[in-house]
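This report describes a predicted model.

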Amino acid sequence: DILNYRNRWWRETARQQLRHRENRSTAAPRLNQILRTEPGQYALEALWGLNLIGAFDPAAFDVAITHRHPAVRRWAIRLIGDEANPTPDQVDKIAAALTLESDPEVLSQAISSSARFPAPLALRLLTLISQHDIIRSSPDFERVLWWAIEPFYAAHPDRVLALLTELVTAHPDAPLPALAEFAMRRMANAGTKSDLQRCAKLLSF
């Protein structure tokens, strides 16, 4: 199977040939089998192949989001993020997977992809991610997380405040997280009465 060759050029060529085949859909069963049963790069190549032929369906997503290889999980999230309109069921499954996630790159991809989702779904995932132990222990992650959250503030300030309030109250004995400090600067810079009240609420913790 060329998708399992060590040489990257051969693998990329095989994927492109697959894309242009008239009967490319016939490859889907084999690609799904590889995704289900194979480790590492081979499974990732199968996932890319399924996406190329338009066969990255809910069943393939279910396999990919819980795959033992982190790169497959990361790409499952990225492909859903590229569509920018996930279903609630997909978000539920991403959320469940993230509670068990230990790979920083997968978490980073989840943050980036969430930024492209509709606000209610995005902020739900970002709330979950903000409380992950890996995120809370890394100031760099908190900066990336704020990059994803901040664009939602203008249209959904109270949702963003709720996210931050939940984060702070979940760990009452911990110092105020950097994420809350970033948000307070944003609120103070906005300068309206409502923004300053939100800022004051965060300061009260």
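The axes of helix H5 (residues 70–83) and helix H7 (residues 104–114) come within 9 Å and cross at roughly 0°. H5 is therefore roughly parallel to H7, a term for angles under 35 degrees, with over 145 counting as roughly antiparallel, 65 to 115 as roughly perpendicular and the rest as oblique. Axes are lines fitted to C-alpha atoms, for helices over the stretch in contact, and angles run from 0 to 180 degrees between N-to-C directions. Helices (H or I, at least four residues) and strands (E, at least two) are DSSP runs numbered from the N terminus.

On the H5 side, the residues that meet H7 are Pro70, Arg73, Arg74, Ile77, Arg78 and Gly81. Their partners in H7 are Glu105, Val106, Gln109, Ala110 and Ser113. Contact means heavy atoms within 4.5 Å. By class, the contact of H5 with H7 has four nonpolar, three polar and four charged residues. Ala, Val, Leu, Ile, Met, Phe, Trp, Tyr, Cys and Pro count as nonpolar, Asp, Glu, Lys and Arg as charged, and the others, Gly among them, as polar.

Asp103 lies in the loop between H6 and H7. Leaving aside neighbours within four places in sequence, Asp103 is in contact with Pro70 and Arg73. The C-alpha atoms of Asp103 and Pro70 are separated by 6.7 Å, although these residues are 33 residues apart along the chain.

Ala84 is placed in the loop between H5 and helix H6 (88–98). Its phi is near 65°, a positive value in a residue other than glycine.

Thr165 belongs to helix H11 (residues 157–170). Not counting residues up to four places away in sequence, Thr165 touches Lys201, Leu202 and Phe205.

| Residue | Relative accessibility | Class |
|---|---|---|
| Asp103 | 19% | buried |
| Ala84 | 27% | partly exposed |
| Thr165 | 14% | buried |

In helix H2 (residues 28–37), the buried residues are Ala28, Leu31, Asn32, Ile34 and Leu35. They cover an arc of only 160° around the axis, so they are on the same side of H2; the arc is that of the directions from the helix axis to the C-beta atoms. Pro29 and Arg36 are exposed on the other side of H2.

The largest nonpolar core has 65 residues, and those with the most contacts inside it are Leu47, Leu98 and Leu126. A nonpolar core is a set of buried Ala, Val, Leu, Ile, Met, Phe, Trp, Tyr and Cys residues joined through side-chain atoms within 4.5 Å. Beyond its neighbours within four places in sequence, Leu98 is in contact with Ile77, Val106, Leu107, Ala110, Leu125, Leu128, Ile129 and His132.

For the protein overall, the secondary structure comes to 13 helices and zero strands. Its C-alpha trace spans about 60 × 30 × 30 Å along the principal axes. Of the 205 residues, 46% count as buried. Among contacts between residues at least 6 apart in sequence, 63% join residues at least 24 apart.

Residues are numbered from 1 along each chain as its sequence is written, and side-chain values use heavy atoms, with hydrogens and water left out. In this predicted model, local features need pLDDT of at least 70 and side-chain atom pairs count only at pLDDT 80 or more, while totals for chains, interfaces and linings use all residues.

Technical notes
Buried means under 20% relative accessible area, exposed over 50%, partly exposed in between (1.4 Å probe, protein chains only).
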